[in-house]
Amino acid sequence: MDYDLGTDAHELRHRLRSLIATHLPGDFLGAFTDDPQDLAATQSFCKLLAAEGLLALAWPREYGGGGGSVWQQTVLREEMWAHHEPRGAQYMGINWVGPALMRYGTTAQKEQHLAAIAAGDVIWCQGFSEPEAGTDLASLRTRAVPDGTGWRVNGQKIWTSYAQMASWCVLAACTDPKAPSAQRLTLFLVPMNRAGITVRPIPSMLGPHHLNEVFIDNVRVESDEVLGEVGGGWRVMRDALAFERVGIARYARCESLLERLRADLEQGWDDLPEAVRTRWVRALIDLRVARLLAYRAVSLQNDPSAAAAASAARIAATTCDQTVAELLLDVVGPSALDSGPDAALHGAIDDHWRYAQAATVASGTIEVQRMLVAREELGGRG
């Protein structure tokens with residue numbers, strides 16, 4: 001399989017790797033560590049990418065983007081994830097909030113939000129999952145009740161990434177509990193500093209700043225803060241989640257870790273048991289399949305079947321995440337779970353293993369992804 005995306009892709013990869021090597025420390029493991037300097041580094045790097053026209057590379061220029069192709073954006077996505085996502089929390093705004101605004105937002109909403117996202121000036125979070133409605137979003141209980149020209153919203157969200165640092169939230173609420181499931185929900189664009197919003201961090205092995213619960217107590221939202229149509233939230237959410245599921249190039253991170261560890265092993269590679277080397281080769285094959293499925297999903301991004309293709313890519317990538325995590329542990333041994341500058345790959349194996357445990361749950365469980373693929377494939381058959 002030829003994965004060559006052309007000369008432009010090669011030049012873009014070289015440019016991105018040069019920027020990363022120049023502006024990020026060699027032991028960088030992402031924004032969500034115990035060291036506040038890592039978060040600061042991602043914020044500075046996002047500003048640099050924006051100044052270079054790279055942060056929103058595939059967005060139209062009229063919205064502050066670089067006017068590039070989806071394949072250039074794919075290269076950017078792969079290089080960012082291979083190097084522990086130095087965009088930090090910005091990928092959410094770039095990858096799906098912005099595209100959803102372009103597709104469903106009003107002119108005023110586009111003018112207010114898109115340029116700020118493209119410049120790296122704002123962080124977004126998504127208020128979707130709830131304590132009793134994580135996988136089945138159609139059954140969420142947060143209610144928006146009409147109140148004059150707007151609504152009053154009450155409810156609770158959970159597992160909300162970046163809520164502590166976010167300035168804005170795409171908030172899902174039920175506006176008509178008696179309507180069919182596809183017409184119950186509405187999405188609102190809500191500033192996180194609005195009265196009635198409380199954020200509490202959830203300690204986890206994923207590090208600080210990552211997971212939170214959000215309490216919405218009699219929060220006022222206006223009619224011009226609706227994204228899409230009232231009752232049309234489910235459609236926007238499906239599109240948004242499809243963008244998100246192809247936006248995380250986990251396969252690139254896995255390949256990078258395997259390549260780095262093999263280079264570190266040097267002559268020790270030949271001393272590995274044959275069974276381990278066989279697993280290594282199988283993992284590389286699985287990663288290439290995951291990349292191919294991701295490319296298929298990208299090519300279908302504006303097609304009605306995009307959601308199923310994105311789910312198939314997500315299944316392959318998250319499965320590889322855990323396969324590679326276990327393989328890395330078996331090769332290095334218990335010391336793979338050490339952290340710090342003296343650890344294997346500067347602690348990257350430990351970091352990857354921890355994130356891999358959550359991979360098949362985040363952005364919809366792997367079981368739900370399989371169900372979505374099955375529905376698409378079997379829906380038209382008797």
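Q: What covers the buried residues of α5?
A: The cover includes α2, α4 (90–104), β1 (124–127), β4 (168–174), β5 (185–191) and β8 (226–227). Contact means heavy atoms within 4.5 Å. Helices (H or I, at least four residues) and strands (E, at least two) are DSSP runs, numbered from the N terminus.

Q: What should I know about the source?
A: This is a predicted model: local features need pLDDT of at least 70, side-chain atom pairs count only at pLDDT 80 or more, and totals for chains, interfaces and linings use all residues. Residues are numbered from 1 along each chain as its sequence is written, and side-chain values use heavy atoms, leaving out hydrogens and water.

Q: Which residues are buried in α5?
A: Gln 109, Lys 110, His 113, Leu 114, Ile 117 and Ala 118. Buried means under 20% relative accessible area, exposed over 50%, partly exposed in between (1.4 Å probe, protein chains only).

Q: Why are they on the same side of α5?
A: Because they cover an arc of only 120° around the axis. The arc is taken from the directions from the helix axis to the C-beta atoms.

Q: And what is exposed on the other side of α5?
A: Ala 108 and Glu 111.

Q: What comes just after α5?
A: Gly 120, with a positive phi of about 75°.

Q: New topic. Which residues make the contact between α1 and α2?
A: Leu 16, Leu 19, Ile 20 and His 23 of α1 meet Phe 45, Leu 48 and Leu 49 of α2.
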